[in-house]
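Here is a brief report on one protein chain. Please keep the sequence and the 3D view open while reading.

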Amino acid sequence: KTKIVTIDSNDFNTMELKEAAEILKKGGLVAFPTETVYGLGADGLNPEASGKIYAAKGRPSDNPLIIHIADFNALNELTADCPENGRKLAEAFWPGPLTLIFNKSSKVPYSTTGGLDTVAIRMPSHPIAYELIRRSGIYIAAPSANVSGRPSPTKAEHVIEDMNGIIDMIINGGKVEIGLESTIVDVTSKIPAILRPGYITEEMIKQVVGEVEYDKAVLSRVQDPDLKPKAPGMKYKHYAPKGDLTIYEGNTKSVIDAINKSAEEKLQAGFKVGIIATDETFSSYQKGSVKTIGTRKDESTIARGLFEILRDFDSEGADYIFTESFENNRLGQAIMNRLLKAAGYHIEKV
Ligand code: TXA
Ligand code: MG
């Protein structure tokens, strides 16, 4: 049975947080909020404990886990070496939504790294996540707390949907701040490489280390089986809602017209239709279930709304979902990266 508790981010002296730390120490599974998405935590250095994560999520065992730390000294213990660029990026963005890939030390089991000689490490800034790591005194391996393939959870309700009855505890800390998973940067090569875009953008990274590359598979707008992403998880179908999601790209008016037309056709044929609009275009759609994801004036609202809106259309049983596209720069790059995967790379240019 899963114990569900609510913890106030400003009040840590709770029995619940102590209990969560105890469960983790003993090798159990606890879902907790971070600033990006909810994580499903287990002792990262205990293969038996992290093995339970794979079972709970239905996650392929070659997909490595991110180890969450609360103390810079952990780097000495978990990595074989900490290159200059890694140190600079950690100092600039930790605690925060950045994951760094290092060569692993022998302390990190291969079961956590999916057999790789590298390890993903992040120091989260969310007070509950941070405090949980500190109090448990262990390093917490934590993927997003969703069933493999589903949209990542941005609220405790999403975790409950996917994990209730399967794990030991779920900590409800309210809706997350960012809503997209951390930026992943590989610092094992001379020029750091972005393996997954996120809230920490290319520009922000460049300001710290000068040069940065992209893993080619990240920028691809088509599904190319020859491009093997360096982050194993990026190759899987991911974030997908149950309905068929299509992205429409073009000028605002043609996108609205095309979506209205497709919606009309599918409704005529008897299907349930969902439309992902923005505050700016919400009133331009008349048919189907229309939801706004956020405002184009502040793309962080769109990032925060993305996974939730996909899950909401699942709950409504939408057969077809039509969405506008977003600018592919800054945070928009992370948004489009998730949206493209959720849509199985299905874009209509109009
Ligand atoms: O924001 C986040 O990063 C959230 C919260 C919970 O911290 N976690 C998260 O974990 O998104 P997950 O497991 O859903 O995604 C981790 C990604 C996967 O694509 C995985 O393949 C990649 O990180 N990864 C982990 N270790 C790696 C490594 N050694 N080399 C390359 N990619 C790695
Ligand atoms: Mg995930």
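## Overall shape

This is a predicted model. The chain has 350 residues and a radius of gyration of 20 Å. A compact globule with that number of residues would come near 20 Å, so the value agrees with the rule. Along the principal axes, the C-alpha trace spans about 60 × 45 × 35 Å.

The secondary structure comprises 12 helices and 16 strands. Take the contacts between residues at least 6 apart in sequence: 68% of them join residues at least 24 apart.

## Surface and charge

Buried residues account for 57% of the chain. The accessible surface is about 14600 Å². Carbon and sulfur atoms contribute 49% of that surface.

The chain carries 42 positive and 47 negative charges. Their mean positions lie 2 Å apart.

## Helix H10

Helix H10 covers residues 252-268, 17 residues in total. From first C-alpha to last, H10 reaches 24 Å. That is close to the 24 Å expected at 1.5 Å a residue.

Which residues of H10 are buried? They are Val255, Ile256, Ala258, Ile259, Asn260, Ser262 and Ala263. After H10 comes Gly270, with a positive phi near 95 degrees.

## Thr99, in a strand

Thr99 sits in strand S5, which runs over residues 98-103. Is Thr99 buried or exposed? Its relative accessible area is 0%, under the 20% cut-off, so Thr99 counts as buried.

Neighbours within four places in sequence are set aside here. Beyond them, Thr99 contacts Ile66, then Ala120, Ile121 and Arg122, and also Ser182, Thr183, Ile184 and Val185.

## Lys155, in a loop

Lys155 lies in the loop between strand S7 (140-141) and helix H7 (156-163). The relative accessible area of Lys155 is 23%. Buried means under 20% and exposed means over 50%, so Lys155 is partly exposed.

With neighbours within four places in sequence again left out, Lys155 is in contact with Tyr38, Gly174, Lys175 and Glu308. How far apart in space are Lys155 and Val176? The C-alpha to C-alpha distance is 6.5 Å, while the two residues are 21 residues apart in sequence.

Note on methods
Residues are numbered from 1 along each chain as its sequence is written. Chains are lettered from A and ligands numbered from 1 in the order in which they are written. This is a predicted model: local features need pLDDT of at least 70, side-chain atom pairs count only at pLDDT 80 or more; totals for chains, interfaces and linings use all residues. Side-chain values use heavy atoms; hydrogens and water are left out. Helices (H or I, at least four residues) and strands (E, at least two) are DSSP runs, numbered from the N terminus. The expected span of a helix is 1.5 Å times one less than its number of residues. Buried means under 20% relative accessible area, exposed over 50%, partly exposed in between (1.4 Å probe, protein chains only). The radius of gyration is taken over C-alpha atoms; the globule rule is 2.2 Å times the number of residues to the power 0.38. Contact means heavy atoms within 4.5 Å. Accessible areas come from the Shrake-Rupley method with a 1.4 Å probe; for residues, only the protein chains shown count as cover. Lys and Arg count as positive and Asp and Glu as negative; His and the chain ends are not counted. The place of a charge is taken as NZ of Lys, CZ of Arg, CG of Asp or CD of Glu.
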